[in-house]
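Welcome, and please load the model in your viewer. We will go from one selection to the next, with a short note on what each one shows.

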Amino acid sequence: MGIVAVTDQSLKKASRIIQDGGLVAFPTETVYGLGCNALDKAAVEKVFRTKGRPPINPLIVHVAFIADAQKIAKMTPLAEQIAFHFWPGPLTMILPQRENSEVSELCTAGLNTIAVRFPEHEIARKLVQMAGVPIAAPSANISGAISPTSPRHVFESLGESVDMILAGGASRMGIESTIVDVTTDIPVILRYGSITKEVLEDVLKCNVQDGVAGEDNVHSLIQSPGQLLKHYAPQIPLRMDAVDVHSDEALLAFGNTKFMSIKTGGNLSSFSDDQIRNLSESTDLEEAAKNLFSYMRDLDNPKFKSIAVMNIPNEGVGVAINDRLWRASQKP
Ligand code: TXA
Ligand code: MG
C-alpha cells in the first residue's frame, strides 16, 4: 500500500490494520514509528523481524490517555507529576509494569519494567485512540540505521514490509523522545532528547541523574538495553568536531562555514550541492535537531569517503544531537 495521505478513512483503515495484527508506520513529533498492537505477540514479533531488531531490545508502548498508561504501568506520584507536566510530548517513562498488564512479554523483552510514551502528534494520538489498544512502536527504520523523519525515509528503509505508512510531513523535532527511568526515587535519564536534564530538574524541583550509556558510562547499557553503542549509523564513516574537510568528504555544517578549510586547498565553493548540508546557518539547535537525520541520509553516499561534522555546542538539545552523532561515529 505504501505511503497514504491521512484522512478519516485512511485512519480508520490504519486502526483496523493494527487491530488485525498488522504494521502501520505513523508520524510523531519526534520521528516516525513502526506501530503494532502491543498486546498481540505475533504482531510484536513482526515488528522485531521487519526491523532486524535484537529481541533483547524492548519497545516503547504508546498510549493516548494517562489513564491508559496507568492500566499497564504503576505510576508513583513522581511519575504522575512528570506525566501531568510533559504529556502529551516527547518524553518516555520507564515504569514498573503491572502484573496483570496484557502487553506482550516480547515487547518488554521479558523485563518487569515498561517504556510508556504519550505522543503529542495529533495523528499518533488519533491512531492510538481509534485502535483502542496500546501501540508498540520503535522508530520505523532497520535496526541500527538512521531514524526516519519523513514518510519517504520509512518507505526507503522498510518498503512494502509495512502494511501502511501514514504521511504526516517532516517530523517537527527530528530526534527521539527523552527516556527517563522513574522506577527509583531519583529519576534517571537513559536517552537524551529535546526535554533536557535542566528542564526536568527545573520542573520537578529535584535532582535528575544522567544514566545515558556512552563513553563515560558503559555500565548503563545494562539499564537501557537498546542503547547499544553503534546506532543511527550511515553507511559511510562519520567524524565529529571537524575543523577542516577533505575534498572527497561530505560536510555536515553548523553555523558559519567561512573558516572551514579544505585539507588539499581551495574553498567550499568547489563542493557540489550534494556534498554539503548546513544543520542551521543561524546556529539554532532546535532547527539542527529537526534536520539532523534527514541531512545525514542526504550525505550518506558511497561516493564520499566520510561525513565530516562541524562542532555543535553541547547544551540544550545539542546534548541529544551530539549523542546521536557520537553513536553514529562508532566503528561497528
Ligand atoms: O521518540 C520516540 O521515542 C520514538 C517514537 C516512534 O515514539 N520511538 C523510539 O523507539 O525511539 P526505539 O525503539 O527506537 O527506542 C526505544 C528505546 C530503546 O533504546 C530501548 O532500549 C528503550 O527505549 N527501552 C524500551 N523499554 C525499556 C525498558 N523497559 N527499560 C529501559 N529501556 C527501555
Ligand atoms: Mg530507534
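Searching the whole of this predicted model turns up 15 salt bridges. Let's visit some of them.

**First stop: D244 and K263.** Select these two side chains and you will find a salt bridge, with N to O at 3.8 Å. D244 sits in strand 13 (residues 244-245), while K263 belongs to the loop between strand 15 (261-262) and strand 16 (276-278), so the pair ties together parts that are 19 residues apart in sequence. D244 counts as buried, since its relative accessibility is 16%, below the 20% cut-off.

**Second stop: the network around D323.** Now select E176, D323, R324 and R327, which salt bridges link into a network. Start with D323 and R324, whose side chains meet at 2.9 Å, N to O. Then turn to D323 and R327, where the closest N and O atoms are 2.6 Å apart. Both D323 and R327 lie in helix 9 (residues 318-329), four residues apart, or about one turn of the helix. Are these residues buried or exposed? D323 and R327 are both buried, with D323 at 7% relative accessibility. R324 is buried too, at 0%.

**Last stop: helices 4 and 7.** Show helix 4 (residues 77-86) and helix 7 (residues 197-204): their axes come within 11 Å and cross at roughly 110 degrees. That makes helix 4 roughly perpendicular to helix 7, and the crossing is right-handed. To see the contact, select L78, Q81, I82, H85 and F86 in helix 4, which meet V199, L200, V203 and L204 in helix 7. Coloured by class, this contact shows seven nonpolar residues, two polar and no charged ones.

Notes. Residues are numbered from 1 along each chain as its sequence is written. Chains are lettered from A and ligands numbered from 1 in the order in which they are written. This is a predicted model: local features need pLDDT of at least 70, side-chain atom pairs count only at pLDDT 80 or more; totals for chains, interfaces and linings use all residues. Side-chain values use heavy atoms; hydrogens and water are left out. Axes are lines fitted to C-alpha atoms, for helices over the stretch in contact, and angles run from 0 to 180 degrees between N-to-C directions. Helices (H or I, at least four residues) and strands (E, at least two) are DSSP runs, numbered from the N terminus. Angles under 35 degrees count as roughly parallel, over 145 as roughly antiparallel, 65 to 115 as roughly perpendicular and the rest as oblique. A crossing is left-handed if the near helix is turned anticlockwise from the far one by less than a right angle, and right-handed if clockwise. Contact means heavy atoms within 4.5 Å. Ala, Val, Leu, Ile, Met, Phe, Trp, Tyr, Cys and Pro count as nonpolar, Asp, Glu, Lys and Arg as charged, and the others, Gly among them, as polar. A salt bridge is a side-chain nitrogen of Lys or Arg within 4 Å of a carboxyl oxygen of Asp or Glu. Buried means under 20% relative accessible area, exposed over 50%, partly exposed in between (1.4 Å probe, protein chains only).
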